[in-house]
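Here is a short briefing on one protein model.

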Amino acid sequence: MQNFHPENERSLRALEWLNFFLVQTGVGPFLAAYLAASGWNPARVGYALTFGGLVTVAVQVPAGAAVDAIRRKRMLLVISLSVLVTGAILLMHTPSSSLVYLAQALLSGAAPFLGPTVAAITLGIVGAYGFDKQFGKNKAFDSAGNVVAAALIAALSYEFGNRAIFVITVLMAIPTLICILSIDGTKIDYARARGGNNGSGKHGLSSLLKDRVLIAFFCAVFLFHMANAAMLPELGEMLSKDNLKAAAPFMSACIIVTQVVVAMLAARVGRQAAQWGRKPLLLIGFGVLPIRGVLYTLTHASGALIAIQILDGVAACIFGVVSMLVVADRARGTGHFNLAAGALATMVGVGAALSNTIGGTLIQQAGYRASFLGLAAIAVVAFAILSLAVPETLIRGHENPLRPTHERALASSEEALDALPERPAI
């Protein structure tokens, strides 16, 4: 049953600001520039980044299972944050190979715990029927934090050097920690946080593994990111050939436009997903990707290309919010919500990794235009799978196809009791 009461307000506000500050603790795309400026050649930089990506993909599913199993969600966040900060501190030193790879192992190993744990805390506080709107709000704060972080890191690293990136990472962990501790742990229901199963979850796990809808959705997600991930890097690479000095400001502008759109739309997308359902929004998000790929081939004007990033913001917003809602819908009652979310993240990571390989091969063989069109074609296949093989997953009322009848009846009776007025105090 849903557990959204006025006394949860303080924890929810802390949760939203946690999303804002937590995004600023990652070093992400800035690491490549830092290593290159420190004398690393492109091949060494690529190997280090690939290593980090492989660690993240390998840890995603086990991290989701761990988030399901561990009751003390706030403690798990604090430990993961501490590991992340340790990795950032290591990178403040002269970047030898051993230090960089150790730091990458820590950063990439901690990251898969952060997002799922925040999602689990959200579900544990508001319940399944409040998750849509609250997760949309979380995503809006997350994107707003991305915009502020990018601007802050760009300004301070320009003034004080690339090592300031990691100093900012450590400093931003302080408000993140304050937000974690401001969440009332007693408001996080353990059963709801893992998808609503108090027991062993064996039946629930087998239901997930046999869920054809979820498998089809994961296939569509895999292809979506295989088409999407390489598009913006390829665009920056193409433009940098003609104007190297303008490439970095152009990429920053594209990233900021995308994140601003996400910040503006995420809360609304969460509300609309509860009203319209998941599939109409997902069709919009998946549908704009092939359009974006084609548009990249029609112009080289910076202003027009930056404007096209609005479509990227729409797609990123819808996917970022609604994909997690689909997983929550299908995992409800199984006790393995976070395991399923980890599997989703794995599909995203593997698809994104292959995207760069496929895109680069197409550029080598036939040029940038062919690469954008090829990626757009993959996006069309993703859209077709979503359209034909994934039905609406929003569970109206109290029905859940993965829960036994007696559990649905019990949930309905508990929520009915919650709806009764409280007895006056004597």
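Ile168 is buried, with a relative accessible area of 6%. This residue sits in helix H7, which spans residues 164-182. The model is predicted. It holds 17 helices and 0 strands.

**Ile168 and its surroundings**

- Beyond its neighbours within four places in sequence, Ile168 is in contact with Leu152, Ile153 and Leu156.
- Ile168 counts as buried because its relative accessible area of 6% falls under the 20% limit.

**H13 against H14**

- Helix H13 covers residues 279-295, and helix H14 covers residues 302-331.
- Their axes lie 8 Å apart, and the packing angle is about 150 degrees.
- H13 and H14 are therefore roughly antiparallel to each other, as the angle is over 145 degrees.
- The crossing of H13 past H14 is left-handed.
- On the H13 side, the contact is made by Leu281, Leu282, Ile284, Gly285, Phe286, Val288, Ile291, Arg292 and Leu295.
- On the H14 side, it is made by Ile308, Gln309, Leu311, Asp312, Val314, Ala315, Ile318, Phe319, Val322, Ser323 and Val326.
- By class, this contact of H13 with H14 has 15 nonpolar, 3 polar and 2 charged residues.

**Asp312 within H14**

- Which residues does Asp312 touch, not counting those up to four places away in sequence? They are Asn228, Thr258 and Arg292.
- Asp312 is placed in helix H14.
- Asp312 is buried, at a relative accessible area of 11%.
- Arg292, one of the residues touching Asp312, belongs to the H13 side of the H13 and H14 contact.

**H10 against H13**

- Helix H10 runs over residues 212-228.
- The axes of H10 and H13 come within 10 Å and cross at roughly 30 degrees.
- That makes H10 roughly parallel to H13, since the angle is under 35 degrees.
- H10 passes H13 in a left-handed crossing.
- H10 contributes Phe217, Ala220, Val221, Phe224, Ala227 and Asn228.
- H13 answers with Leu282, Gly285, Phe286, Leu289 and Arg292.
- By class, the contact of H10 with H13 has 8 nonpolar, 2 polar and 1 charged residues.
- Arg292 takes part in this contact with H10 and also in the contact with H14.
- Asn228 of H10 meets H13, and Asn228 is also touched by Asp312.

**H15 against H16**

- Helix H15 spans residues 337-366, and helix H16 spans residues 368-389.
- The crossing of H15 past H16 is right-handed.
- Ser355, Ile358, Gly359, Leu362, Ile363 and Ala366 form the H15 side of the contact.
- Tyr368, Ala370, Ser371, Gly374, Leu375 and Ile378 form the H16 side.
- By class, the contact of H15 with H16 has 8 nonpolar, 4 polar and no charged residues.

- Ala377 lies in helix H16.
- Ala377 is partly exposed, with a relative accessible area of 41%.
- Ala377 and Ala227 are 150 residues apart in sequence, yet their C-alpha atoms are 8.0 Å apart in space.
- Ala227 is also among the H10 residues that meet H13.
- Ala69 lies in helix H3, residues 42-69.
- Ala69 counts as partly exposed, at 48% relative accessibility.

**Cysteines**

- How many disulfides does the structure hold? The count is 0.
- Cys179 is buried, at a relative accessible area of 8%.
- Cys219 is partly exposed, at a relative accessible area of 39%.

**The protein overall**

- Of the 426 residues in the protein, 49% are buried.
- Among contacts with a separation of 6 or more, 84% join residues 24 or more positions apart.

Technical notes. Residues numbered from 1 in each chain as written. Predicted model: local features only at pLDDT ≥ 70, side-chain atom pairs only at ≥ 80, totals over all residues. Heavy atoms only, no water. Axes fitted to C-alpha atoms, helices over the stretch in contact; angles between N-to-C directions. Helix = DSSP H or I, 4+ residues; strand = E, 2+ residues; numbered from the N terminus. Left-handed = near helix turned anticlockwise from the far one by under 90°. Contact = heavy atoms within 4.5 Å. Nonpolar A, V, L, I, M, F, W, Y, C, P; charged D, E, K, R; others polar. Disulfide = S-S within 2.5 Å. Buried < 20%, exposed > 50% of the residue type's maximum accessible area, 1.4 Å probe, protein only. Parallel < 35°, antiparallel > 145°, perpendicular 65-115°, else oblique.
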